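Thanks for asking me to look this one over with you. Here are my notes, written for someone meeting the structure for the first time.

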Amino acid sequence: MTYRFDDQARARARTAYETLEPLHVLAYFNSGLQQAQQDTGLDAYAWYVGARGAPLGDCVPSVVSAAFFNFSPSVIHPGWIASKEYGLDRVSERRFQMLDEVLTIALGDRASDPGLVTLADRFYEIAESVPYAGRTLASAWAESTPPEQPHVRLWHATAILREWRGDGHIAALVDAGFDRLEAVVFHEARHPDPSVRKRGLGKKLSQITRGWSDEQWEVAADALATRGLVDRDADGEILSAGGAETYADIEAVTDDAAAGAWAGLADFDDVMAAAKTYVKPVIDSGMLPGTKKK
């Protein structure tokens, strides 16, 4: 495998992802979601599709489905239609209102910290410096209007960079020959090495949130097993030796594709340290899956 960046740059990309991801995920797992859905009259799928896809504008559902990649079109298409009927601008406005509320709760006294402005501006500078060719969802987010509240601006700035990485990850999955559901099953398969951390939702939550049935899951798992990428036991899917190697390759390619945002930053360590100041309270809030309030 030939990479554009060196090990240090790829490690920076991985550090940035692991540091910022909890802040991004808060938009999709928080205590204000149910109320936001009730206020808009949108179900969970329509709310998610509208809130995340709104920057794409008035496009056909297949564009959103392609950009989201590992979600079933059976939930993306009706969800997108419903969110457009409600109004994408109205969904975005309600999303930022929700984030204002939950981030204020999660950050506590830090919600009024002047450092939020400085950090958000720094992430916007980084986002302005990266190329967007081939990064459909990220390019849409980069052109969306930033919110006014400093803590919500920080979320918005990091969301651009997160979607920028995500677009590169999708490219890596496509290049590796995965279809939508195969990518989900592969990602959720256990790693044979317990020391390797895999960020996942688990099979059931992945199915529920992405709209895949048990029957569809079985077909995809069978296809991966036929390719020699997973083995199957009573506990579900586990990566084979070849699957573990493919997983490592995909992650390395993803990190390499994301490294351009971070490789040349003289202040990288300072920026990540500052970010952790605001990400830790989000994790400690207990709103995210797998976390408990501290």
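Which residues does N70 touch, not counting residues up to four places away in sequence? Keep that in mind as you read point 1.

1. **N70 and its contacts.** Please remember throughout that this is a predicted model. N70 sits in the loop between α4 (61-68) and α5 (73-86). Leaving aside residues up to four places away in sequence, N70 touches R180, V184, R210 and W212. For a sense of distance, take G236, which is 166 residues from N70 along the chain: the C-alpha atoms of N70 and G236 are separated by 19 Å.

2. H24 has its place in helix α1. Is H24 buried or exposed? H24 counts as buried, because its relative accessibility is 3%, and buried means under 20%. Not counting residues up to four places away in sequence, H24 touches W155, A159, R162 and E163. The C-alpha atoms of H24 and A157 are separated by 9.8 Å, although these residues are 133 residues apart along the chain.

3. **Aromatic pairs, starting with F96 and W155.** A search of the whole structure finds 10 aromatic pairs. One of them is formed by F96 and W155, in an edge-to-face arrangement with 6.5 Å centre to centre and 75° between the planes. This pair links distant parts of the chain, with F96 in helix α6 (residues 88-107) and W155 in helix α9, 59 residues apart. Both F96 and W155 are buried.

4. **F123 and W262.** Why is the pair of F123 and W262 called edge-to-face? The ring centres of F123 and W262 are 6.3 Å apart and the planes lie at 80°, so the pair is edge-to-face; the cut-off for that label is over 60 degrees. Here too the pair links distant parts of the chain: F123 is in helix α7 (residues 115-129), W262 is in the loop between α13 (241-258) and α14 (268-284), and the two are 139 residues apart. F123 counts as buried at 0% relative accessibility, and W262 is buried with a relative accessible area of 5%.

5. Ring pairs link Y28, Y48, F68 and F71 into a cluster. Elsewhere in your viewer, look for R90, which lies over the face of Y86 at 3.9 Å from the ring centre. R95 lies over the face of F96, at 4.2 Å from the ring centre.

6. **E128, an exposed residue.** E128 lies in helix α7. E128 is exposed, because its relative accessible area is 69% and the cut-off is over 50%. E128 and A9 are 119 residues apart in sequence, and 19 Å apart in space from C-alpha to C-alpha.

Notes:
Residues are numbered from 1 along each chain as its sequence is written. This is a predicted model: local features need pLDDT of at least 70, side-chain atom pairs count only at pLDDT 80 or more; totals for chains, interfaces and linings use all residues. Side-chain values use heavy atoms; hydrogens and water are left out. Rings of Phe, Tyr and Trp (its six-membered ring) pair if their centres lie within 6.5 Å; planes under 30 degrees apart count as stacked, over 60 as edge-to-face and the rest as tilted. Helices (H or I, at least four residues) and strands (E, at least two) are DSSP runs, numbered from the N terminus. Buried means under 20% relative accessible area, exposed over 50%, partly exposed in between (1.4 Å probe, protein chains only). A charge sits over a ring if NZ of Lys or CZ of Arg is within 6 Å of the ring centre and within 35 degrees of the ring normal. Contact means heavy atoms within 4.5 Å.
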